[in-house]
Structures are given as structure tokens and as C-alpha cells.
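Please read it with the sequence and the model in view.

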Amino acid sequence: MRPAHAITGAPPPLTPPTQAAPAGVAPPAGAGTGTGTDIEQCWVLKRNCCVTPGQFLLGMGGTAAIALLVSLYFTLRGLWPVAVYGAAEILLIAGATLSFARHVRDGETVILLADGRMIVEVHSGAATTRHVFNRNWARLVRRPDTPDTLWLHYGSVRLRLARHVPSERRRHIETELRHSLPWRGPAPR
């Protein structure tokens with residue numbers, strides 16, 4: 001299988017972008033200090049977490065502590081099966097916490113560069129996949145069987161975008177992307 005940028009005929013340079021992302025937007029993971037191109041537009045598409053990691057761990061730890069106290073109380077009263085249930089409950093709480101923590105940063109980063117390239121970084125768990133496309137050949141698609149999902153098609157590559165974004169924000173992002181995708185050449189100076 002060919003890389004996504006090989007379909008264009010002339011592969012774009014793979015140097016990372018050098019200019020900082022727009023205000024309020026985190027820079028992409030690959031942003032470095034090499035000789036790159038200016039960032040034209042950047043979207044960070046991930047879920048909105050309403051609690052900090054410390055608050056989340058405090059809440060889950062508090063829930064586990066209450067389960068432990070209840071288990072100990074009933075175990076001291078001679079009802080040892082409650083301790084077994086409490087231990088299973090604490091293990092399930094720990095497993096749910098670990099699973100949530102692994103995927104809290106899932107999402108996509110879409111970067112449009114001034115030279116006509118489009119970089120899409122897909123974050124899933126600990127893995128990050130980076131795709132480099134020619135903006136003129138990429139297109140956004142809404143499938144008829146699942147109209148609430150947004151897909152980016154580039155040759156044989158299919159990427160689902162804005163998986164963790166609310167539907168009203170997804171429509172707004174789709175409008176912005178559709179307007180920005182066809183590259184109109186370098187910006188006049």
C-alpha cells in the first residue's frame with residue numbers, strides 16, 4: 001500500500017511545520033524547529049472533559065474508599081461475602097478508571113499548511129497515526145447510512161473525523177473544512 005502523499009505524483013516535503021498554532025489551539029505533536037511551512041489553519045477535535053485529571057482520580061478514589069469502608073464494616077460484623085463483593089467492586093472501579101484514562105486524549109488534529117498540504121494526526125490510546133495529504137485531492141463525505149458521521153476520503157484512505165465532537169460543533173467544523181480544503185495557492189503577501 002502506498003503512503004497517502006504518494007498518490008499526488010510528487011511527494012510533498014515532509015518537514016514539520018514551524019509556526020505556532022493559532023491562539024487557543026494546541027500545536028501539533030510533530031511541530032518542530034525544522035525548515036517547514038506556515039500553518040494556515042488548525043483544528044483540535046477531541047472530547048471536552050469537564051473535570052481535571054486530579055478531580056477524576058479523587059472521585060474514583062473516593063468511590064473505591066467508600067466501597068472499602070463498607071466491606072470492612074460488614075466483614076468485622078461477620079458477613080465476609082460482602083468483602084468479596086467489595087473487592088470485586090474496587091477492581092471494576094480501577095479497571096474503568098484505567099480504561100477511561102487511556103482514551104481521554106483520543107481525537108484528531110487537522111492542520112492545513114500554506115503549501116497545500118493537509119496533516120491529520122489521529123490519536124487513539126497511546127498510538128498516534130500521522131497522515132499527510134494534498135488538500136486538492138481530499139474530500140469530506142457524509143455517508144447516507146450514517147449521516148451523523150464525517151469522513152475524510154483521500155484515494156483509498158478513509159478517516160473518520162470529529163468522532164468525539166458534539167454534532168452541532170461537527171457541522172460547524174465541516175463547513176470550515178469544506179471552505180478551506182481546495183487549496184487556492186500561496187497567500188498573497
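## Overall make-up

What percentage of the 189 residues in the protein chain do buried residues make up? In this predicted model, buried residues account for 31% of the 189 residues, while the accessible surface of the chain comes to about 11,600 Å², with 63% of that belonging to carbon and sulfur atoms.

The chain has three helices and seven strands, and, read from the N terminus, its elements follow the order β-α-α-β-β-β-β-β-β-α. Among contacts between residues at least 6 apart in sequence, 50% join residues at least 24 apart.

## The hairpin of strands 6 and 7

Strand 6 (residues 150-154) and strand 7 run antiparallel and are joined by five bridges, and Trp151 has Arg160 of strand 7 as its bridge partner. Two residues lie between the strands of this hairpin, and in the turn Gly155 has a positive phi of about 60°.

## A nonpolar patch on the surface

A nonpolar patch on the surface is formed by Ile66, Val70, Tyr73, Phe74 and Leu79, which together have about 460 Å² of accessible area. One of these residues, Ile66, is found in helix 1 (residues 53-76); Ile66 counts as exposed because its relative accessible area is 56%, and the cut-off for exposed is over 50%.

Definitions and conventions:
Residues numbered from 1 in each chain as written. Predicted model: local features only at pLDDT ≥ 70, side-chain atom pairs only at ≥ 80, totals over all residues. Heavy atoms only, no water. Pairing = 2+ DSSP bridges. Helix = DSSP H or I, 4+ residues; strand = E, 2+ residues; numbered from the N terminus. Patch = residues over 30% accessible without salt bridge, like charges linked within 9 Å, V, L, I, M, F, W, Y side chains within 5 Å. Areas by Shrake-Rupley, 256 points an atom, 1.4 Å probe, with all protein chains shown as cover. Salt bridge = Lys/Arg side-chain N within 4 Å of Asp/Glu carboxyl O. Buried < 20%, exposed > 50% of the residue type's maximum accessible area, 1.4 Å probe, protein only. Contact = heavy atoms within 4.5 Å.
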